[in-house]
Amino acid sequence: MEHKAGCLICGRDLVYSEEPRDLACAVCGEVRSTTAACEAGHFVCDRCHSLEALDLIEQFCITTALEDPLAIACILMRNPAVRMHGPEHHFLVPASLIAAYCNHRGEPGRKGPLLRQARARAGAVPGGACGTHGTCGAAVGTGIFVSLITGSTPLKKQEWSLSNQMTARSLMTIARHGGPRCCKRDSWLAIRTAVTFLSERFGVTLPLEEAVRCEYSEINRECLREECPFHAGYLTG
């Protein structure tokens, strides 16, 4: 049985160490260096953690006609393949933005190639990077999105700048709300920030749901509750 939160094998809390150690993945058996294992010692590698979810995200984003990236993200998050936390969110963010952007511009044929590139790039962002690399995969996902729609490379000028500005802005928004990590909160914040950035810098205004109300607080053991802008009890004043 796979669990929606915590360890996918037994559901117990994950424990993060400061020093990495070599552990065998409880699913595929491959030995990898990791700082995360559950209280019972189970470790699941990023590939096994998110493979089914990645296929789901790519296929849905290719076929959907929605132009609201938050609506796309919320639909995907409700699928059991997308867990409470996990590296699949690093792809979910740029995929939702790519689908909405291409649909809005009447270019659905661009989605397939862009989604494949986004999936490959997002796969290079390790799980738990928000706590070990000083950057959140959701924020990096928005930079991946802008780099793809602008054709950025390490040798470009304006395109290079825009994609880095996008990541920086998303990361600051996420950081201002504090930790611990919540992949749902961080993804929603990153997508909202990207929509604003698109409007300001590209003149492209994507439709956005007026409000997202979190459906996951009861299974998120680190939920900020009333301090989270997506919680039902959040005080806007």
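Hi everyone, let's start with a crossing: helix α2 passes helix α8 in a right-handed crossing. Before I go on, please keep in mind that this is a predicted model.

So who touches whom there? From α2, the residues Pro-69, Leu-70, Ala-73, Cys-74 and Met-77 meet Lys-184, Ser-187, Trp-188, Ile-191, Arg-192 and Val-195 in α8. Sorted by type, the residues of this contact are eight nonpolar, one polar and two charged. You can find α2 at residues 69-77 and α8 at residues 183-202; their axes come within 10 Å and cross at roughly 160°. An angle over 145 degrees counts as roughly antiparallel, and that makes α2 roughly antiparallel to α8.

Let's move on to helix α6, which has two partners in this talk. If you are new to this, two packed helices are described by the angle between their axes and the distance between the axes.

On the α6 side the contact includes Ala-138, Val-140, Gly-143 and Val-146, while on the α7 side it includes Leu-162, Met-166, Ser-170 and Ile-174. By type, the residues where α6 meets α7 are eight nonpolar, seven polar and one charged.

How far apart are the axes of α4 and α6? They are 10 Å apart, and the helices pack at an angle of about 140°. That makes α4 oblique to α6. Once again we have a right-handed crossing as α4 passes α6. Leu-114, Gln-117, Ala-118, Arg-121 and Ala-122 of α4 make this contact with Ile-144, Ser-147 and Leu-148 of α6. Five of the contact residues are nonpolar, two are polar and one is charged.

Gly-123 sits in the loop between α4, residues 111-122, and α5, residues 129-132. Is Gly-123 buried or exposed? Exposed, with a relative accessible area of 61%. In the sequence Gly-123 is 35 residues from Glu-88, yet the C-alpha atoms of the two are 8.5 Å apart in space.

Now compare that with a residue of helix α1, which covers residues 46-63: Glu-58. With 14% relative accessibility, Glu-58 counts as buried. Which residues does Glu-58 contact, if we leave aside its neighbours within four places in sequence? They are Phe-91, Leu-115, Arg-116 and Arg-119.

Last topic: aromatic rings. The structure holds four aromatic pairs. One of them is Tyr-101 with Phe-145, an edge-to-face pair at 5.8 Å centre to centre, with 80° between the planes. Tyr-101 belongs to helix α3, residues 88-104, and Phe-145 to α6, residues 137-150, so this pair ties together parts that are 44 residues apart in sequence.

You have met Trp-188 already, on the α8 side of the contact with α2.

Technical notes. Residues numbered from 1 in each chain as written. Predicted model: local features only at pLDDT ≥ 70, side-chain atom pairs only at ≥ 80, totals over all residues. Heavy atoms only, no water. Axes fitted to C-alpha atoms, helices over the stretch in contact; angles between N-to-C directions. Helix = DSSP H or I, 4+ residues; strand = E, 2+ residues; numbered from the N terminus. Parallel < 35°, antiparallel > 145°, perpendicular 65-115°, else oblique. Left-handed = near helix turned anticlockwise from the far one by under 90°. Contact = heavy atoms within 4.5 Å. Nonpolar A, V, L, I, M, F, W, Y, C, P; charged D, E, K, R; others polar. Buried < 20%, exposed > 50% of the residue type's maximum accessible area, 1.4 Å probe, protein only. Phe/Tyr/Trp six-rings, centres within 6.5 Å; stacked < 30°, edge-to-face > 60°.
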